[in-house]
Amino acid sequence: VMRYMSGGTLSDRLKNGPLPLPEINLLLQRVGAALDYAHSQGVIHRDVKPENMLINQQQEILLSDFGVAVVFQTGRTSLQQSSKIAGTPYYMAPEQFRGKPHPASDQYALAIVTYEWLTGELPFTEGDFIQLGYQHNFETPAPLRNKLPTLPLQVDQVVLKALSKDPQQRYGSVQEFAAILGEAYQKSSSTRYGDSDKNKTKHQWLREGIAHHNAERYKEAVAAYSHALELDASYTEAYVGRGWAYHNFKEYQKALADYNRAIDLNPAYALAYIDRSATYIDIKEYQKALADCNRALELDPK
């Protein structure tokens, strides 16, 4: 029996689209610390994935399901004695497909999860178990910036290093991976701001985004809204603003992801439903558009 985790799983959170980088950075630090502790006790998890990361009411993360974990370097057992192939193939490290799990296998899996958090997609999804094993062993994941051009280059490089085929080429520990990604994020955040921008509040970035938006400078609007979200990953108004900017770019899936995130944060925010309905109309999802309009009218009859 385990305690009830009212916040669901991180897989549930992904249903609303990619997560913002500040939130990912925080999650990585917490999950990385949990995995490093397991490794210090001689345990490899072998099934790191969003479904096994539970959230409680205080938004704390619990790493669960050690059902396929193995013990290494102890007097009780060895990897050779207990290394039957196990795990979820979308997240499994190359050596894990060969029945040779390593503590760095959990780092690889967490890097796959990070890839999914950032882009909303997994790097390898095609085929059955054998085909997925081939992709993990021999194919190079597409750089994250191909899918997310605004992602800082340093962050992309850190994730791809953790996805190295050879476990010896990854970081020395899961927590080192998380720490270096956090440093890359902080460094990229500081270098993206000019001196006049460093002290701007999230509200100032939001107003700047609105100004760019009104002038039809949508690329600049997206950047300003994103800066606001770096300062506050739960800033609902910035998600709605960025969603509308993406809509004007005809980046409809990114727009929907931002609207979904805004509604997840504030289910009573009528404007988010109205704007999302406009995107549904443009992609001809008329029943969903109608449902959003009805919901907005329930929240605000005027």
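Me: What percentage of the residues of the protein count as buried?
Reply: In this predicted model, 53% of the 302 residues count as buried. The cut-off for that label is under 20% relative accessible area.

Me: What makes R261 count as buried?
Reply: R261 has 8% relative accessibility. Buried means under 20%, so R261 counts as buried. R261 sits in helix α12, residues 252–265.

Me: Which residues is R261 in contact with, leaving aside neighbours within four places in sequence?
Reply: R13, N16, E23, A233 and Y239.

Me: Why is L271 called partly exposed?
Reply: Its relative accessible area is 41%. Buried needs under 20% and exposed needs over 50%. L271 falls in between, so it is partly exposed. L271 belongs to helix α13, residues 270–282. Between L271 and L299 there are 9.6 Å in space, C-alpha to C-alpha, and 28 residues in sequence.

Me: Why does K250 count as exposed?
Reply: K250 has 61% relative accessibility. The cut-off is over 50%, so K250 counts as exposed. K250 lies in the loop between α11 (236–248) and α12.

Me: Where is K284, and what is its phi?
Reply: K284 is in the loop between α13 and α14 (286–299). Its phi is near 65 degrees, a positive value in a residue other than glycine.

Me: How do you know whether K284 is buried or exposed?
Reply: By its 60% relative accessibility. Exposed means over 50%, so K284 counts as exposed.

Me: Now the helix pair. How do you know whether α9 and α10 are roughly parallel or roughly antiparallel?
Reply: Their axes cross at roughly 165 degrees. Angles over 145 count as roughly antiparallel. Therefore α9 and α10 are roughly antiparallel to each other. The axes come within 8 Å, and the crossing is left-handed.

Me: Which residues meet between α9 and α10?
Reply: From α9 (residues 202–214), the list includes K202, W205, L206 and E208. From α10 (residues 218–231), it includes Y218, E220, A221 and A224.

Me: What makes a set of residues a nonpolar core?
Reply: The members are buried Ala, Val, Leu, Ile, Met, Phe, Trp, Tyr and Cys residues, joined through side-chain atoms within 4.5 Å. The largest such core here has 42 residues. L28, M53, L110, W117, L118 and F177 touch the most other members. Elements that each supply at least two residues include α2 (21–40), β2 (53–55) and α8 (174–191). Helix α4 gives the most, with 9 residues.

Me: Which residues is W117 in contact with, beyond its neighbours within four places in sequence?
Reply: L10, L14, P18, L19, I24, L27, L28 and M53. Apart from this core lies another, of 23 residues, with W205, A224, V240 and I263 among them.

Me: What do the overall counts come to for secondary structure and contacts?
Reply: There are 14 helices and 4 strands. Of the contacts with a separation of 6 or more, 61% are between residues 24 or more positions apart.

Key:
Residues are numbered from 1 along each chain as its sequence is written. This is a predicted model: local features need pLDDT of at least 70, side-chain atom pairs count only at pLDDT 80 or more; totals for chains, interfaces and linings use all residues. Side-chain values use heavy atoms; hydrogens and water are left out. Buried means under 20% relative accessible area, exposed over 50%, partly exposed in between (1.4 Å probe, protein chains only). Contact means heavy atoms within 4.5 Å. Axes are lines fitted to C-alpha atoms, for helices over the stretch in contact, and angles run from 0 to 180 degrees between N-to-C directions. Angles under 35 degrees count as roughly parallel, over 145 as roughly antiparallel, 65 to 115 as roughly perpendicular and the rest as oblique. A crossing is left-handed if the near helix is turned anticlockwise from the far one by less than a right angle, and right-handed if clockwise.
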